[in-house]
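Q: I would like a close look at a single part of this structure. Please treat the part together with its surroundings in one connected account.

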Amino acid sequence: MEDSMTITITAFAQSPDRGRGLARDMRVRWALEEVGQPYAVRLLTFKDMKEPAHLALHPFGQIPTYEDGALVLFESGSIVFHIAERHAGLLPDDANARARAITWMFAALSTVEPPILDREIPGYTERDKPWYAERLPILEGRIRPRLDELSRRLGGAEWLDGAFSAGDLLMVTVLRRLEGSGILDDYPVLSAYIARGKDRPAYKRAFDAQRAVFAAVSSD
Ligand code: GTB
């Protein structure tokens, strides 16, 4: 249901992740749940995403987008930042602590996520190529130093810098992309960190909501 006063996000009508919550609407849903902001979801097929109506919202024809009245945003990091700025709960009040939490948001998206994506994408596009098996350890070798460093920094702490923040929210969603790869088995500190994120009631509500979309499609 959508109306002019409702925040509306977009998500896959049929997510290729089969309801595992790995598409990037999950981070936006989680942020909205953390701050207690209700939202509506417009589900899009791959065809819809490339139609002029959606391209007017998202220049790259992707999900997620975020609409609040006249404001239209794309890029999951920017959307989470916007939500965190407009509501209490995802960024600290103290100016320096806030700047550090924002730094962790950037670290998640520009330092940790890229090597994870570099390994993941050939899994969709190059799996049948003769070089795939040889390349995989090289790509994993670019992820592991980041995980070593992140694990060392987190140490015995619950969250990256004091209270849970938008930096943790993004970092957990980024690290979750390694689930099923076996790599996280070597990182108990990070596995426990991901588990703490997934244990948050807001995470569970967001996960269930995106999972319900997949379940509805599969029962058709
Ligand atoms: N930088 C952008 C952001 O953070 O918002 C990236 C957005 C993006 O890549 N969106 C993807 C998309 O719309 C969906 S999330 N793709 C369609 C297109 O580009 O045409 C990426 C994604 C897809 C599938 C899985 N999966 O199956 O596990 C995981 C993540």
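A: The model is a predicted one. In it, 11 of the 11 residues of α7 are buried, so the helix is largely enclosed by the rest of the structure. The criterion for burial is a relative accessible area under 20%. The residues concerned are Ala166, Gly167, Asp168, Leu169, Leu170, Met171, Val172, Thr173, Val174, Leu175 and Arg176. They pack against α1, α4, α5, α6, α8 and α9.

The N-terminal end of α7 is capped by Ser165, which places a side-chain oxygen 2.9 Å from the backbone nitrogen of Gly167.

Leu175 counts as buried because its relative accessibility is 0%. Leaving aside neighbours within four places in sequence, Leu175 is in contact with Val112, Leu147, Leu150, Leu184, Leu190, Tyr193 and Ile194. Between Leu175 and Trp104 there are 71 residues of separation in sequence and 13 Å in space, C-alpha to C-alpha.

Arg176 is likewise found in α7. With a relative accessible area of 5%, Arg176 is buried. Residues up to four places away in sequence again being excluded, Arg176 touches Arg20, Gly21, Leu22, Ile194, Lys198, Tyr203 and Phe207.

The nonpolar packing can now be considered. The largest nonpolar core has 49 residues, and the members that touch the most others are Ile83, Leu90, Met171 and Leu175. Two or more residues of this core are given by each of α1 (25-35), α4 (76-86), α5 (95-125), α6 (132-154), α7 (166-176), α8 (188-198) and α9 (201-218). The largest share, 8 residues, comes from α5. Domain 1 (2-89 + 201-219) and domain 2 (95-198) each supply at least three residues to this core. A second, separate core of 5 residues includes Phe12, Ala23, Leu44 and Ile63.

The contact takes 17 residues from domain 1 and 17 residues from domain 2.

One of the helices packed against α7 is α4. The buried residues of α4 are Ser76, Gly77, Ile79, Val80, His82, Ile83 and Ala84. These pack against α1, β3 (65-68), β4 (71-74), α5 and α7.

Finally, the ligand site involves Ser76, which is among the closest of the 16 residues surrounding the ligand, together with Arg24, Lys50, Ile63 and Glu75. A polar side-chain atom of Arg24 lies 2.8 Å from an oxygen atom of the ligand, while a polar side-chain atom of Glu75 lies 2.7 Å from a ligand nitrogen atom. A polar backbone atom of Asp17 is 3.1 Å from an oxygen atom of the ligand. On its own the ligand has 680 Å² of accessible area, of which the protein covers 81%.

Methods. Residues numbered from 1 in each chain as written. Predicted model: local features only at pLDDT ≥ 70, side-chain atom pairs only at ≥ 80, totals over all residues. Heavy atoms only, no water. Core = buried A, V, L, I, M, F, W, Y, C linked by side-chain atoms within 4.5 Å. Buried < 20%, exposed > 50% of the residue type's maximum accessible area, 1.4 Å probe, protein only. Helix = DSSP H or I, 4+ residues; strand = E, 2+ residues; numbered from the N terminus. Domains from an automatic or database assignment. Near = heavy atom within 4 Å. Polar contact = N/O pair within 3.5 Å; in protein donor to acceptor, adjacent residues only side chain to side chain. Areas by Shrake-Rupley, 256 points an atom, 1.4 Å probe, with all protein chains shown as cover. Contact = heavy atoms within 4.5 Å.
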